[in-house]
Each structure stands twice: as C-alpha cells, then as structure tokens.
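Reader: I would like to learn how to read a few features of a protein model. Please take them one by one.

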Amino acid sequence: MSEQNLNFKVNVNTEIGRLRKLLIHSPDSGLGKVVPSKAQDWLFEDIVHLDTIRKGEYDYYIKLLMYFLDPGKIKGKLAEIDSEAANRNFYKPNHPDFHNSTAVIEIQNLLSEMLEDESIRKKLVAAVCAIEGCTYKVQTALTNTPAKELAEIFISGTLANDTMIFAPIPNLIFTRDVGTTINNHILLNKPAKKARVRETLLMRYIFFNHPLFESYRNNILEIPDVTMHFLRPGDEPAFSTTLEGGDVMMVSPNHVLIGCSERTSEHGANEAIKLLFEQNVVEKVTVVKIPSKRDYMHLDTVFTQVKRNTWVILNSIAHSPKYNPYEPINFLKEPEKLEATTAIQFTKANPQEPKHFEHVEALLNDISQNDLKSTEPTKIIYSGNNTFPYDSREQWTDSCNLLAIKEGVVLGYDRNDKTVEAFKAAGFNVVDVKDLIQDLESGKVNTETITDTLILMPSAELSRARGGFHCMSLPVLRDNL
C-alpha cells in the first residue's frame, strides 16, 4: 500500500471543524448533454452552459479549496495554472497536468485507479450494463476499454467518439448525496430517484475497493431495505427505504441529524438510526421532518451551520407556520400537515422515549449550547434576511446551503443579496472569491488567520442545478473543534 493510503484518515465529527480532506467531482461532459425534456428526470432544474460552469465558476471552488487544503499545489503557481497555454489542464481529471491533490480528492480519478484492477472492472461493467440495459456486445466492449476512458464513460454516459450509450449522471457533482462521514464511518446513501442509481453504484465500488479506503472497509455502512420489501405492492413511496447524504449532518461528536424530506423516507431514517446505534457510531440521532417539497429537497437546502453558535436557516423551517384559531378556515379544513416541521431526538440509551423539540430553532440552540458548549448566545441568520419574498427566492438559489471550510469561514453563492446583508448585520466580513484568491496568492491574506467571513462564489450556472457548496462536498476529514 502506498504511503498516501497508509496515512489516509477518515474522521468528521462536526460540520464546522477545519476541513482537511474532501471528495469532489468536477463538472464533466455529461452536464453539457442534459436536454430540457429530461432535465427534471435527471434531477436538474435547468440546462447549464458547460464552459461557463467550469471556467467561470467551479474552477474558483477548486482554487479556493487548494489554498486552504493543499496550498503547495497552487501558491506561487496561479498565473501559470490559469494561463492560456495551460488550457485549464490543472482542472481536468485524468489529464497528466491535473492537480491530483490528496486533500481535494477527485472521484473520477479514484474510479479510474480502481478500474485498473481487471477483476473489479469486469464486475462493475457487468453491474452498470445490467442497470442500464446494455447489450452484451456493449458490455464486452466496455470491459476491454482502458480504465481512464471507462471512468469517463461511466460518468458521462458517452463514448470517446461522442456517442451516448446511456444517460449522464450530472448529479455526481453533488458528492454529499452519495454518502456522509460520521466520525470514522461512512454512511452510504439509498437514492430516492432512478437517476442516481448508477452514481450510487460507482461510489459503493470505490468505497469498498479503492486502496485509499482499505483500512475503513468495515466502517462503510449500508442501509438495508425493510424486511420483505419485495412483497409490497408496487413502488409505494410510503414504504420505500431511501436516504440521501444531503439529509444527514454530523453536528457534534455523538450527534447526527437526519432529515425526512422529498428524498429521505421515514423508513430510511429508521434503518439509519438502528444501524448507527447497533454499530456504536453515535449516541444521539435527531430526525428533522421537513415538508416533502421540491423547493426544499434535502435538509441542507434549508439550513447549515456557520459557527459553533451560528446557523443560517429559512425562517419557515425554523418555525412551523402558526395557525390563528380564530380564522374560520381552521374550522372548515384541517391545517396542512405537510407544511409543519418537527424535530424528534432519539438516544441510544433510551430510544423508546424520544425528545420532541418545539421547533427547529430550539434544536439548533440545543446543539450549539449543550453539544458544542458555546459560550456565546446562539445566532440565527435567516435566508433573504427574513424578508418576503426574498426568503424563499434565495433559499431556492441555496442561500442556506453553505460549506464551512473552517469555523466561521463559509462558501456561498454571490446572487443571494439579502442573505449577504443578513451576514453583514451579524458581523461577518463578505469577500468575493476572485479578490480573496488574489490576496491569498500575494500573501496579503492568510488562510490560518481569516475569520468570520462569507466567501461569495460565482453562481449563474451552478445555481441552475439546485445545489450549493455543502452539496458539492463530501468531507472525509475535519479537525476536532
């Protein structure tokens, strides 16, 4: 085993500890092949311009991650990396000039490396061809395809001659959804939508077969279906066992949040709780049931953590709508239960007596004060500065979906103006990523000393895909707080 693999460590016990390693996937050619008629089936809200999403947006994400996680790869080399002659090769997975960072880890490269093993390649080709309904001739041809080229085909759905043989998996850029690191375990997802089955299969093979995760194979957790699920009639959502990583948050060393949402079912949450308790991974799991609506999709689209005592959240999720008992309508029809948000906490020691929180804000305060021992009052920053209609407009463009690169330093989209105002009012600095990168390159700013900062990232195309930087990251190593 290589020295990198021997030294590789998996451990995440908060959402805000200093980020050290994460899995990402750079926008591949499949994103540029999403067609309007299939966009929603493939879980994209719109079609995106591939060149802009890469060069104009995602490249800045990679640069920023490099300065914080792997500065030796970029500091002092930025002009050369971004030169016309370099042709963006630093950002292209599988290219000889790709950064190949051991901290900012590209999934496509892990897939390529794993496929070098002939036995694994044959198994994975057979599995992909089975779920995609490929002919035997296609399966044979793919089995004999070089590993790097095959990895690109598996992800983009397209052969080297630009022929599509199956659908792309554009959601792979949202690496959070394929799994979540919980202490030194990785909980794999069970996707709710067919469009995500192939990416889940690819990630399962990587986690169980790539040498990087060899020491952690016994710590990879898979959620089983409910007993004899195959005897249930049809594909009834009420009985499905689904869970996606955007609904799982590791908020303190012994406490996980699981959202029941459009993508994670009650059965999925139930099986995850049992698994986490049986394997002694955590002591507490709090289930947050949010409205099952496309607007919200996952727990991390409605709130994320910024600091030990600071959270950003959509107000209507923080506090369920209050119903006026004097309104005649309440005598005429039942309140819409789907609009209510509840938080129920289960403990390993006493799971049959869960604790109910009055509202989600009370839960966040409990995490800050009791789990994380904050010495300051809990602060809540609201999407859109809690102003109608900007609260819901900006939540739709991921104002609440922020990635903490260290405590108090978070990445968010530049388009959410009212939320930016709320951050400023809460005492945060706000900086454009392009300016910050120049200051990091010149040495004017130091990653170790930067504090309480919202870093604004370009978002015209990325936001069309309905996911922010929390979605576009799968942390595998964070420092303890």
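Reader: At what angle do helix α5 and helix α8 pack?

Author: Axes are lines fitted to C-alpha atoms, for helices over the stretch in contact, and angles run from 0 to 180 degrees between N-to-C directions. Helices (H or I, at least four residues) and strands (E, at least two) are DSSP runs, numbered from the N terminus. In this predicted model, local features need pLDDT of at least 70 and side-chain atom pairs count only at pLDDT 80 or more, while totals for chains, interfaces and linings use all residues. Residues are numbered from 1 along each chain as its sequence is written, and side-chain values use heavy atoms, with hydrogens and water left out. Here α5 (residues 118-132) and α8 (residues 197-209) pack at about 165°, their axes 10 Å apart. The two helices are therefore roughly antiparallel (angles under 35 degrees count as roughly parallel, over 145 as roughly antiparallel, 65 to 115 as roughly perpendicular and the rest as oblique).

Reader: Which residues of α5 and α8 make the contact?

Author: Contact means heavy atoms within 4.5 Å. From α5 come Ile120, Lys123, Leu124, Ala127, Val128, Ile131 and Glu132, and from α8 come Val197, Arg198, Leu201, Leu202, Tyr205 and Asn209. These residues divide into 9 nonpolar, 1 polar and 3 charged (Ala, Val, Leu, Ile, Met, Phe, Trp, Tyr, Cys and Pro count as nonpolar, Asp, Glu, Lys and Arg as charged, and the others, Gly among them, as polar).

Reader: What volume does the second largest pocket have?

Author: Rolling a probe the size of a water molecule over the atoms shows where empty space is left. On a 1 Å grid over the protein atoms alone, a cavity is a set of points where a 1.4 Å probe fits but cannot get out, and a pocket is an open set with protein on both sides within 12 Å along at least five of seven lines; lining residues have an atom within 4 Å of a point. Grid points are joined across faces, edges and corners, and a volume is the space filled by probe spheres set on the points. The second largest pocket has about 400 Å³. Of its 24 lining residues, Asp28, Ser29, Arg54, Gln108 and Glu152 are the closest to its centre. Helix α7 gives the most to this lining, with 5 residues.

Reader: Which peptide bond is cis?

Author: Most residues other than glycine have a negative phi, and most peptide bonds are trans. The bond from Phe388 to Pro389 is cis, with omega near 0°. Pro389 lies in the loop between β13 (379-382) and α13 (390-396).
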